[in-house]
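Hello,

The structure we talked about is pasted below. My notes on it follow.

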Amino acid sequence: MDKILEVKDLNVIFHIFKADVQAVRGVNFELNKGETLAIVGESGSGKSVTSKAIMGLIPNPPGEITKGSSILFEGKDLVNYTEKQMEKVRGKEISMIFQDPMTALNPTMKIGKQIMEGLVKHQGMSKQDARNRAIELLKLVGIPKPEQRVDEYPHQFSGGMRQRVVIAIALACNPKILIADEPTTALDVTIQAQILDLMRDLQKKTGTAIVLITHDLGVVANMAQRVAVMYGGKVVETGLIDEIFYNPKHPYTWGLLSSMPKLHAKMDKLLAIPGSPPDLADPPKGCPFAARCPYAMKVCTNHMPEYTELSATQKAACWLLDERAPKVAPPETIGV
Ligand code: SF4
Ligand code: MG
């Protein structure tokens with residue numbers, strides 16, 4: 001497969017007061033052309049920081065992408081790009097949509113103008129052409145009466161319609177990569193499904209590769225071909241969708257799958273993973289999940305587990321996968 005993005009040993013630190021918060025600690029993954037990769041994990045796992053790093057949106061200070069990190073986009077390392085160079089990538093080659101459409105839109109500007117901005121800036125379109133293209137884009141994302149609505153303000157749109165506008169802006173310049181950070185979390189369930197359908201449709205039409213950031217495994221199952229599971233600033237397991245759902249190997253992935261609502265399951269039966277994520281201002285020396293892991297062994301707290309390759313496409317970092325470890329079966333609550 002054709003790689004379009006390769007994140008290699010990405011480390012992001014935030015220097016806050018006297019603490020150094022190690023938000024992302026040695027993250028590696030790749031994205032192939034046209035595919036959807038889901039990054040899943042709880043809040044604080046480093047998934048949003050990872051996506052901001054790709055967009056060149058880590059504020060420095062207090063943030064710092066440390067030496068040795070690389071983010072290769074079509075072979076070029078974005079970590080070395082100046083802000084001026086990044087401006088040419090952002091919105092044009094790589095676009096991002098955020099969780100809350102209200103923060104992404106300018107409330108004082110007509111939505112048509114907001115879509116036109118990128119087209120005029122990146123593609124040198126005339127105002128008239130950009131306006132026509134904005135109307136086309138509104139139609140593409142399923143906004144009725146686009147000729148009229150192009151001249152309306154964000155507050156005149158419902159939450160779901162606003163997120164459609166945000167998607168139109170993100171896709172305006174035909175980006176090669178779309179990063180969607182919890183794109184449907186703020187929306188109600190029916191609208192959520194419509195937006196996800198829309199993203200899938202548009203991907204088929206445009207061939208854009210998507211990095212989908214979410215904590216919702218239901219969304220992952222519907223959208224992605226591959227999954228990276230993050231915990232404590234690290235990718236703890238990665239694999240094809242079937243590998244992660246039917247043959248997960250990391251206890252944190254087991255926990256995530258067990259806490260996923262099942263069809264017909266009663267809410268009170270849902271299992272959550274007890275405990276809280278590690279303090280990344282003082283990250284554990286060993287496995288980041290050790291304090292919450294029901295299978296933790298002595299070695300786990302003191303030594304970081306290496307990745308074990310489970311197939312050409314799946315790997316996990318857990319001491320249970322060491323041949324000397326006791327054999328442990330995943331809990332029976334896992335299943336989709
Ligand atoms: Fe649990 Fe140890 Fe595996 Fe970490 S390395 S997930 S603590 S068994
Ligand atoms: Mg987040």
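How do the residues of the shell around ligand 1 divide into nonpolar, polar and charged? The shell has 13 nonpolar residues, 1 polar and no charged, where Ala, Val, Leu, Ile, Met, Phe, Trp, Tyr, Cys and Pro count as nonpolar, Asp, Glu, Lys and Arg as charged, and the others, Gly among them, as polar. In total 14 residues surround ligand 1, the closest being Cys 287, Cys 293, Ala 296, Cys 300 and Cys 318 (near means a C-beta atom, placed from the backbone, within 6 Å of the molecule).

This is a predicted model: local features need pLDDT of at least 70, side-chain atom pairs count only at pLDDT 80 or more, and totals for chains, interfaces and linings use all residues. Residues are numbered from 1 along each chain as its sequence is written, and chains are lettered from A and ligands numbered from 1 in the order in which they are written.

Two cis peptide bonds follow. One joins Asn 60 and Pro 61, with omega about -5°; another joins Pro 61 and Pro 62, with omega about 5°. Pro 61 sits in the loop between helix H1 (47–55) and strand E4 (63–65) (helices, H or I, are DSSP runs of at least four residues and strands, E, of at least two, numbered from the N terminus).

Phe 17 is not a glycine, yet has a positive phi of about 50°. Phe 17 lies in the loop between strand E1 (3–16) and strand E2 (19–32). Glu 74 also has a positive phi, near 45°, and is in the loop between strand E5 (70–73) and strand E6 (76–77).

Regards
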